[in-house]
Amino acid sequence: MDSRFKQLGRVTSRVGLSVVAVAALGVVTAAPASAADTGTTFTVTGDVLGITAPANAPLGSGAPGTDIAPVAGIGTVTVTDGRAVQPAVWTATVTATAFTTPGGGASRTIANSNVDYWSGTCTGTGGDGGGATPVWTGGQANAGAAVDLSTSRTACGLTGGAGINTASWDPHLIVNVPGNVVAGDYSGTVTHSVAGA
């Protein structure tokens with residue numbers, strides 16, 4: 001056979017193989033699947049840090065020069081921390097006014113420095129969000145640790161916590177009645193407050 005025809009045959013064969021290879025490649029590489037992303041958001045809301053205490057707490061009676069020291073506390077004080085924060089740190093404090101009986105004057109006034117306070121045990125729940133270890137601390141463990149209310153005193157506190165939590169305690173008051181006051185019904189106000197860090 002003429003050498004020109006042999007050359008043509010080789011070229012034709014190579015072209016045919018190339019076409020087959022391209023066609024096979026087209027089958028293997030299929031078009032990718034399509035996708036569409038949607039970004040979403042939401043909000044986790046928190047509430048407030050608040051405190052409640054009994055509206056009234058009668059302490060009983062005693063003569064001038066004695067202590068009025070009720071066996072029972074004045075009633076449960078509760079802190080509710082709905083802030084859902086980390087760290088969930090707060091401190092509850094207590095203050096008091098002077099105690100007076102109608103008529104005015106020194107003989108009808110018992111200063112807040114004559115009123116002692118002890119918080120007792122502060123017991124809490126919650127505050128363990130994210131694996132946190134909440135630590136509640138009472139201000140004064142017992143009557144022997146009582147402090148006068150001539151200034152603001154710590155009643156209970158939380159450190160190391162996270163998330164929603166509550167705590168409560170049953171504080172006691174001891175009134176050291178001066179020997180120079182007159183008989184009468186004395187009244188005053190004890191105020192518990194709470195503040196976050």
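Ground rules: the model is predicted, local features need pLDDT of at least 70, side-chain atom pairs count only at pLDDT 80 or more, and totals for chains, interfaces and linings use all residues. Numbering runs from 1 along each chain as its sequence is written, and side-chain values use heavy atoms, leaving out hydrogens and water.

**Exercise 1. Find out where pLDDT stays under 50.**

Start with the scale: pLDDT is the predictor's confidence in each residue, from 0 to 100. The mean for the protein is 89, and 85% of its residues reach 70 or more. Now look at residues 11-25: pLDDT stays under 50 there.

**Exercise 2. Describe the largest pocket and its lining.**

First, the terms. On a 1 Å grid over the protein atoms alone, a pocket is an open set of points where a 1.4 Å probe fits, with protein on both sides within 12 Å along at least five of seven lines; lining residues have an atom within 4 Å of a point. Volume is the space filled by probe spheres set on the points, and here that comes to about 710 Å³.

Next, the lining: 31 residues, with Ala57, Leu59, Phe99, Tyr186 and Ser187 nearest the centre. Strands E13 (172-176) and E14 (190-196) are the elements giving two or more residues each; strands are DSSP runs of E, at least two residues, numbered from the N terminus. E14 gives the largest share, three residues.

Finally, sort by type: 20 nonpolar, 10 polar and one charged. In this scheme Ala, Val, Leu, Ile, Met, Phe, Trp, Tyr, Cys and Pro are nonpolar, Asp, Glu, Lys and Arg are charged, and the others, Gly among them, are polar.

**Exercise 3. Work out which backbone features stand out at Ala84 and Pro87.**

Both alanine 84 and proline 87 sit in the loop between E3 (77-81) and E4 (90-96). Alanine 84 has a phi near 55°, positive although the residue isn't glycine. Gln86 and Pro87 are joined by a cis peptide bond, with omega about 5°. For context, most residues other than glycine have a negative phi, and most peptide bonds are trans.

Note on methods
Helix = DSSP H or I, 4+ residues; strand = E, 2+ residues; numbered from the N terminus. Contact = heavy atoms within 4.5 Å.
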